[in-house]
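Reader: Hi! Could you walk me through a few local features of this one?

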Amino acid sequence: MSTDAAAGTSSPNDHEAVLLEPVLRALLPDDRPRPRRVLDGTFGRGGHSRALLARLPDDAVLYVIDRDPEAVAVARQLAAEDARVRVLPGCFAELDSLLGNALGAVPEGVLDALLLDFGVSSPQLDTPERGFSLRFDGPLDMRMDPAVGPSAGQWLDAVEEAELTQVLRRFGEVRPAPRIARAIIAARPLTTTLELAEVIAAATPAAVRRQRGRLHLVTQCFQAIRIFINDELKQIETVLPKAFAALAPTGRLAVISFHSLEDRMVKQFFRAQTRTPAVPRRLPVAADRLPQAPARLIGRAQRADAAEVEANPRARSATLRVLERCA
């Protein structure tokens, strides 16, 4: 992923879509007809969408959702180039209403394939003005949609120590959360990403040294604040049942997560959909009347191989899980 940091924009052609080939194999397997209705619920800069379009038939429709205005602009450019693309600006948690408005009908059982790629996108990380990254000094924003809700800086200026401690623990799994929360409260107002990073590192120098080579403690704190600001886990909890309901029989849902909390939610939801309901007490029951599980897993959880991680280090923490709705 490369970015024109000075302009605050990135080229769609530079985007390295994570786990691209496993996603394509899962959603467009060679042993079945190509899907006609597909939805990319997290468009980003369209890496997955472009690859899907290259393999979809001419009469297919690809719906794309994103709440980031910059991503929506890129999606609309793609739609101008390819008439199969339908852009649905908004949060993926609103998938049912966004898709319902586009279809003019209740969006149940209508999609042949659906992709969700959670977490922050590479262009957001690579643009200093968005305030997501530790690599650049930028304003403390971290909002997926800069027009919605308080920025990270505004929230940190007003938050109580107890709430900040809870956020760091819950969403970042930060062990020295109380010490870091106290340091942030004492140092505010904080206006830039590097100011916040320096406060966190100074508050726990020993912990930072111990975690060298692993997920950095400062990154964990940034991640926790970002997840809270954007209400990301609640969005995931909301979208998963809506996404499954939108699948047609034999339709597939592919989900990429980057955080253990995200993946845990996906794993638990998938497990619930593959559980067979209880057998009726009154027997015998005809075989075609026996309860069936609503869905089945497609393979095991997949992660990026060494070659992909070397080419794109951000793929290191990605996990792909795939679910198919039973006929």
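This is a predicted model: local features need pLDDT of at least 70, side-chain atom pairs count only at pLDDT 80 or more; totals for chains, interfaces and linings use all residues.

Reader: Great. Which residues gather in the patch of positive charge on the surface?

Author: Lys 267, Arg 271, Arg 275 and Arg 303 make up that patch. Arg 303 belongs to strand S7, residues 302–303.

Reader: Is Arg 303 buried or exposed?

Author: Arg 303 has a relative accessible area of 52%, and because exposed means over 50%, Arg 303 counts as exposed.

Reader: Then what does the side chain of Asp 66 reach?

Author: The backbone nitrogen of Phe 43, at 3.4 Å. Asp 66 itself sits in strand S2, residues 61–66.

Reader: On to the backbone. Which peptide bond is cis?

Author: The one from Arg 188 to Pro 189, with omega near 10 degrees. Pro 189 is in the loop between helix H8 (177–187) and helix H9 (193–203).

Reader: And which residues have a positive phi although they are not glycine?

Author: Asp 231, at about 55 degrees, is one of them, and Thr 250, at about 70 degrees, is another.

Reader: Where are Asp 231 and Thr 250 found?

Author: Asp 231 is in the loop between helix H11 (217–229) and H12, while Thr 250 is in strand S5, residues 247–257. Asp 231 is partly exposed at 39% relative accessible area, and Thr 250 is partly exposed at 32%.

Key:
Residues are numbered from 1 along each chain as its sequence is written. Side-chain values use heavy atoms; hydrogens and water are left out. Patches are made of residues with over 30% relative accessible area and no salt bridge: like charges are joined within 9 Å, nonpolar side chains (Val, Leu, Ile, Met, Phe, Trp, Tyr) within 5 Å. Accessible areas come from the Shrake-Rupley method with a 1.4 Å probe; for residues, only the protein chains shown count as cover. A salt bridge is a side-chain nitrogen of Lys or Arg within 4 Å of a carboxyl oxygen of Asp or Glu. Lys and Arg count as positive and Asp and Glu as negative; His and the chain ends are not counted. The place of a charge is taken as NZ of Lys, CZ of Arg, CG of Asp or CD of Glu. Helices (H or I, at least four residues) and strands (E, at least two) are DSSP runs, numbered from the N terminus. Buried means under 20% relative accessible area, exposed over 50%, partly exposed in between (1.4 Å probe, protein chains only). A polar contact is a pair of N or O atoms within 3.5 Å; within protein, one must be able to donate a hydrogen and the other to accept it, and residues adjacent in sequence count only if both atoms are side-chain atoms.
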